[in-house]
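Trainee: I have a new model on screen. Can you show me how to read its features?
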Amino acid sequence: MWVRVLGSAAGGGFPQWNCGCPTCLAVRDGSRPCRPRTQSSVAVSADYRRWYLLNASPDVRAQIEAFPALYPRGVRESPLEAVLLTDAELDHTLGLLLLREADDLEVHATAAVHGTLSEGTSLLQTLGAYANVEWRPVVAGEEVSLGDGLSYRAFDVPTSKRARFEAGEVGVVGYRITDGRTGRALVYVPGAQELTASVLAHFEGCACLLFDGTCWQDDELIRLGIAKKTSRDMGHLPIGGADGSLKRLARLPIERKIYIHINNTNPILIEDSPERRLVEERGLEVAADGLELEI
């Protein structure tokens, strides 16, 4: 199975257009070692010919142009087979509108996410005026075949964003994608408020984990005077601290553990920062646009 990180930043990208925080300043003026990043999305393929997107970011056009494997093979023959959505966030779904030139677009999403995109943001209604959108319902716990030996199983992810949905609805999911030919699996969780036992169970035996790396500290945005919400308030478990994700993920026997969906304020984006060194010393990686994995 091939995995390409199309974008590795959280919403707004890195640098964020209206932000002058220390990390955004550093990437703009080159004063510290760091590189720009687009908003998070991943492409997966069994044969390097047919590809499945995990989320469609607002940067999807630039991300496709940066990856020749996603170029059209004919006049209008795209290797993009489907889009799998983890949630209804704008930074994960606005890219669908940029794919409107497709005659048919297959979108996998939970009923709650489909409802939000249809009746809340009206994104799917707008897209449907240009393309035939085929919705494939995502049900947590069900194994779904994608073709070429790939399959996925979605799982419920704890988040404060659950308040937006009706009781019992699954609004945010992670995906475990398995290559049936080898049995090897990728787990993709760009947003998680907690590492519960049920979530950790879906990591067992996977070859690669792409996990939420939004903020380093829970009060990161508050300290910078950017927002009044903590990382957890926004549905994201911070990396650092006694109860952060790094301490727990470092103990897991997974071949590659990689932080993705990294906010522009997060110091791990600075390649010589103490926070970045600590992440790497604990055996984890920091995703960058263009990272390619063969699992």
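Mentor: Start with a definition. A helix here is a DSSP run of H or I, at least four residues long, and helices are numbered from the N terminus. Helix α7 covers residues 197-201, and V199 lies in it. Keep in mind that this is a predicted model.

Trainee: Is V199 buried or exposed?

Mentor: Buried means under 20% relative accessible area. V199 has a relative accessible area of 0%, so it is buried. V199 and L85 are 114 residues apart in sequence and 18 Å apart in space, C-alpha to C-alpha.

Trainee: Which residues of helix α1 are buried?

Mentor: First, the general idea. An α-helix has 3.6 residues a turn, so residues three or four places apart point the same way. Now the case. Helix α1 spans residues 22-29, and T23, C24, A26 and V27 are buried in it. Seen down the axis of α1, these buried residues fall within an arc of 160 degrees, so they line one face of the helix.

Trainee: What does the face of α1 turned away from the buried side carry?

Mentor: Exposed residues: P22 and D29. After α1 comes G30, with a positive phi near 75 degrees.

Trainee: What should I look for in backbone angles?

Mentor: Most residues other than glycine have a negative phi, and most peptide bonds are trans. Look for departures. Y48 is not a glycine, yet its phi is positive, about 65 degrees. Y48 sits in the loop between β2 (41-45) and β3 (51-54). Its relative accessibility is 31%, so Y48 counts as partly exposed.

Trainee: Where is S122, and what is its phi?

Mentor: S122 is in the loop between α5 (111-120) and α6 (123-128). Its phi is positive, near 60 degrees, and it is a residue other than glycine. At 26% relative accessibility, S122 is partly exposed.

Trainee: Which residues does a cis peptide bond join?

Mentor: F14 and P15, with omega about 0 degrees. P15 is in the loop between β1 and α1. A10 is found in that loop too, and β1 covers 2-7. A10 has 3% relative accessibility, so it counts as buried.

Trainee: And the surface: which residues gather in a patch of positive charge?

Mentor: Lys and Arg count as positive. Here K247, R248, R251 and R282 form the patch. R248 lies in helix α9, residues 245-249. With a relative accessible area of 32%, R248 is partly exposed.

Definitions and conventions:
Residues numbered from 1 in each chain as written. Predicted model: local features only at pLDDT ≥ 70, side-chain atom pairs only at ≥ 80, totals over all residues. Heavy atoms only, no water. Patch = residues over 30% accessible without salt bridge, like charges linked within 9 Å, V, L, I, M, F, W, Y side chains within 5 Å. Areas by Shrake-Rupley, 256 points an atom, 1.4 Å probe, with all protein chains shown as cover. Salt bridge = Lys/Arg side-chain N within 4 Å of Asp/Glu carboxyl O. Charge placed at Lys NZ, Arg CZ, Asp CG, Glu CD. Helix = DSSP H or I, 4+ residues; strand = E, 2+ residues; numbered from the N terminus. Buried < 20%, exposed > 50% of the residue type's maximum accessible area, 1.4 Å probe, protein only. Arc of directions from axis to C-beta.
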